[in-house]
Amino acid sequence: MRHVIANIATYTIATMLLVGAALFGWMRAAQVTLSDEQTIVAHYAPVAGNEFEWQELGASSYLRNCSNCHGRDGEGWDQYPPLHRASSLLTAEGGREHLVDLHLYGLTSRRWRAPMPPMGHMPDVELAAVINHVITSFGATADRTTELTLYLPSDIAGRRGLGLTPWDVEKRRPSAGEAARQD
């Protein structure tokens with residue numbers, strides 16, 4: 001009798017695993033989502049007359065998308081650049097557009113061995129939030145942060161569709177000397 005109960009338990013568990021695997025495979029193939037990213041991100045979108053509340057979204061998006069390469073504190077490592085100069089790029093001529101372009105289209109540079117992948121798949125709200133997080137959290141002093149004009153989702157939307165390559169983005173980079181003078 002023990003063998004019959006053991007066999008029933010074994011077959012029941014095996015059947016449950018097969019059904020679970022088939023269900024998981026179907027969900028992945030059908031791209032079923034349990035939460036709609038657009039709905040979650042829309043929560044942070046600025047509404048007419050209200051300020052853009054980007055802080056929470058920017059910090060969490062940075063941890064998910066950027067910290068693996070640039071580090072939790074933006075210090076960079078080995079082939080990935082530190083982010084402490086991002087606010088100086090923002091104030092250089094053409095730097096504001098450059099920061100958006102390098103996030104949308106990626107960046108390939110001889111200076112760093114690993115290219116930055118394009119992040120154009122991210123919604124405008126999330127990209128604006130993560131760029132704001134980077135420029136205010138890494139290298140901007142408190143008095144300097146108040147001078148910076150932060151990004152809105154409309155700033156990101158205006159740069160989409162330019163068809164730039166990562167090499168094009170590198171060619172458009174503001175000169176290092178100009179960005180350094182702004183520090």
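This is a predicted model: local features need pLDDT of at least 70, side-chain atom pairs count only at pLDDT 80 or more; totals for chains, interfaces and linings use all residues.
Two aromatic pairs are found in the structure. One of them is formed by tyrosine 62 and phenylalanine 138, whose ring centres are 5.2 Å apart with an angle of 50° between the planes, and this pair is tilted. The pair connects distant parts of the chain, as its two members are 76 residues apart. Tyrosine 62 belongs to helix H3 (residues 55-65), whereas phenylalanine 138 is located in the loop between helix H7 (124-137) and helix H8 (142-145). Tyrosine 62 and phenylalanine 138 are both buried.

Tryptophan 77 and tyrosine 80 form a pair with a centre-to-centre distance of 5.2 Å and an angle of 55° between the ring planes, and it is therefore tilted. Tryptophan 77 has a relative accessible area of 44% and is therefore partly exposed. For tyrosine 80 the relative accessible area is 18%, so this residue is buried, given that buried means under 20%.

A contact between a charged residue and a ring involves arginine 96, which lies over the face of tyrosine 151 at 4.2 Å from the ring centre.

Terms used
Residues are numbered from 1 along each chain as its sequence is written. Side-chain values use heavy atoms; hydrogens and water are left out. Rings of Phe, Tyr and Trp (its six-membered ring) pair if their centres lie within 6.5 Å; planes under 30 degrees apart count as stacked, over 60 as edge-to-face and the rest as tilted. Helices (H or I, at least four residues) and strands (E, at least two) are DSSP runs, numbered from the N terminus. Buried means under 20% relative accessible area, exposed over 50%, partly exposed in between (1.4 Å probe, protein chains only). A charge sits over a ring if NZ of Lys or CZ of Arg is within 6 Å of the ring centre and within 35 degrees of the ring normal.
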